[in-house]
Amino acid sequence: MKTLLFYCFLYQLIMLSCWQIQAQEKTEKTEDFKFSDLPIEWQGFIDSRHGPRLQSDPYQSNSFSLSETRLQLQLDHWTDASEIKLKTDFIYDSQQGKFLINLREANLFLTPSKWFDVKIGRQILTWGKGDMLFVNDLFPKDWQSFFIGRELEYLKSYSDAVKLTVYLPWFEFNTVYVPAFNSDVFPTGKRLSFFNPFQNAFVGNSNPINITKQNTWFKNNEIHWRARKNVKGFDLALYGYYGYWKSPAGLDLQNGNLTFPKLSVHGLSFEGNLFKGITSFEAGYYHSIDDANGEDFSVRNSQWIFLLGYTRDLKNDLSFGIQYYAEMVVKYNNMINTLPTGAAKPNRLRDMITLRLTKLLVKQKLKLSLFSYYSISDNDAYLRPNVSYKLTDAWKIEAGGNLFMGENDTTFWNQFQNNNNIYVGLKRSF
Amino acid sequence: MKQKNKFEMTFNKTFFVLLFLCSFAMQNTQAQNVEDIVNKANKVFKYNGDDRINVVNMDIKNKNGKVVMNRELVLIRKNDASGLGQKWYSYFKKPADIRKMVFMVWKNTKKDDDRWIYLPAMDLVKRLAGSDKRSSFVGSQFVYEDVTGRLPKLDTHELIKTTDDYYEVKSTPKNTSAVEFSYFYTWIDKKTFVPTKRVYYDKNGDKQREYRVDKVEKIQNYDTITAFSMTNIQTGESTYVNYIDIKYNVGIPDNIFTETYLRRVPRKWVSYNKK
């Protein structure tokens, strides 16, 4: 944290000196100096949102899962061949009773040549074709923010990384090197309760899970790559990843901590304008390196993941999107044969359908949307209704919910049922 | 006498054949004319130069004429080497909540357009279905197709009137289910071929929307519309647009119209007017 603050300070010093130099140059050339002429852009917002649980949660003491006000400030300085970006969130989190500073992005983007570019520092990274489902995007996600009703941009957490892109005549190649593993932000029990299969019990803020940190620089590193090409309007890509499972997928039998076992992923995707809409396909093979044969019950097994998607705009600002998603355990028999006695027998296939409906009304100021996940194999669901209204260009009010339901208490979505919540928010952008 | 009759008959026959041929030819030239007029106007309207870059300032007004929303974007357009295909790149500067968003269109003549949107906060490139071009463009009175231009081949055109200054053309869509209007009239300036006014009618024959050019300037020898508006006649709401800092033939490279440059914003072009 200290180093971060130091870098922030250093950066701001550099920005300030840039400002002065530029300002001097400008004033020397012309008398009428204008603030807007500076090569610095700044923007941000203030957002306050609050979300109570819809039911009392026996595993949580706080009846709100979300209650916070944040100020986001973003500064950009750029030239033709470089860009510096700094995005910081200042948060008063009344749910936790804490003031926090969260550096979301702090990076230097160099574009010295049309053949390559490089982005160094804290950055948000996204690729792949899923809509709120990820196959080959192994960049960190903040599921906790997603489940409690923060703005959607917070679903993507940051990576401290170097991203190099090389533009070859026949395709584009991206490599991302992360020197110290960045995991997902997942529920730990502190704010959201869930079912921990390793303990065979629900976890809440009185008994949060313990995790073995694996973020030693240059030891616990991750590498992502992608080769991408557009062929006549169709996007084709190949992907690779070598690192760790992004959410805990292993159990340390020595101390009972949850761990992030080694993982490699290889996959591909396709997307294009087909059947009057956007049709996409993505597949990935998750190779669980620490349990290649699938015989170690304390490490998640290797699996195939498939995703098929279709989105379409109908008339009158109505659009819908549908996806089919399937995870399939590769060595299912080995997994079943080595389960500890008494453990529930998992399915080989976990599959899901998602449906997105969005309708814009009142000059596109009112937005009604519903995103729903329904798992066919688990018979559980997660619904995300949301209504937002833009009072003006600057002001927006919003309300929504996160509703988990299902048949069995321990299935993926239904394990979060005690966290069902609704939230309201007010945002001012500037 | 008989001889004369025969002559008269031959003459009459020839005369009628000629008349028929003439009228056919006239019809043909008229048909030719209206297509020519529409095509010329379309070129002047959306295809001037090989490429163009400008800032768009858009005021969205309520029925009382009060500005309720404002949009500002940099619009970059490049014509395909041949045909009516184009590539469009728009970089939003206002309002604040969509600042730095990029919207890109490949206008295709033989299939649906390809459209992309880039949301920088999530580093997310999203493809949008190209089939619905008739929904509002960022909450304004314009629809997406008004921005990139409607291909003339989608309508049948009829020259209704020729006045001293204008050609008045009626255009009826070939596929009525794809659009919200029944037909539209366009007033095309006879000298410059600038479409200076266009009125859309609904299925009851009532006026729906009215497009009006407020200012035309000669820029690098191209007749350029620099101020225009669209009014929803039925609600009274309107959108006023100014094109600022217009530059033609600046040599926009093809590669900026790719997914790569949604993320790697081409600063040189997006901030072309800041130097």
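Predicted model: local features only at pLDDT ≥ 70, side-chain atom pairs only at ≥ 80, totals over all residues.
The interface between the two chains was examined first. On one side, 46 residues of chain B are in contact with 54 residues of chain A. Together the two chains bury about 4,000 Å² between them, and carbon and sulfur atoms account for 43% of this area. Polar contacts also cross the boundary: 25 residue pairs, both members at pLDDT 80 or more, were found in polar contact between chain B and chain A. Several elements of chain B each supply at least two residues to the side that touches chain A, namely the strands β2 (67-79), β5 (114-119) and β6 (124-128) and the helices α3 (260-263) and α4 (267-270). By class, this side of chain B is made up of 20 charged, 16 nonpolar and ten polar residues.

Charged side chains were then considered in pairs. Side chains of opposite charge can pair when their charged atoms come close. Between chain B and chain A, eleven salt bridges were counted. One example joins K363(A) to E237(B), with a distance of 3.4 Å from N to O. Over all chains, the search of the whole structure gives 52 salt bridges. Among them is a pair within chain A, E68(A) and R150(A), whose closest N and O atoms are 2.6 Å apart. E68(A) belongs to strand β2 (residues 64-79) of chain A, whereas R150(A) sits in the loop between α2 (143-148) and β6 of chain A; the pair therefore ties together parts that are 82 residues apart in sequence.

The largest share, four residues, is given by β5(A). The lining of the second largest cavity comprises 16 charged, nine nonpolar and five polar residues.

Two backbone features complete the description. Most residues other than glycine have a negative phi, and most peptide bonds are trans. In chain B, however, the peptide bond from K94(B) to P95(B) is cis, with omega near 0 degrees. P95(B) is located in the loop that runs between β3 (86-94) and β4 (102-107) of chain B. In chain A, N316(A) is a residue other than glycine with a positive phi, near 60 degrees. N316(A) also lies in a loop, between β16 (303-314) and β17 (318-329) of chain A.

Notes
Residues numbered from 1 in each chain as written. Chains lettered and ligands numbered in written order. Heavy atoms only, no water. Contact = heavy atoms within 4.5 Å. Buried area = accessible area lost by both parts, 1.4 Å probe. Salt bridge = Lys/Arg side-chain N within 4 Å of Asp/Glu carboxyl O. Polar contact = N/O pair within 3.5 Å; in protein donor to acceptor, adjacent residues only side chain to side chain. Nonpolar A, V, L, I, M, F, W, Y, C, P; charged D, E, K, R; others polar.
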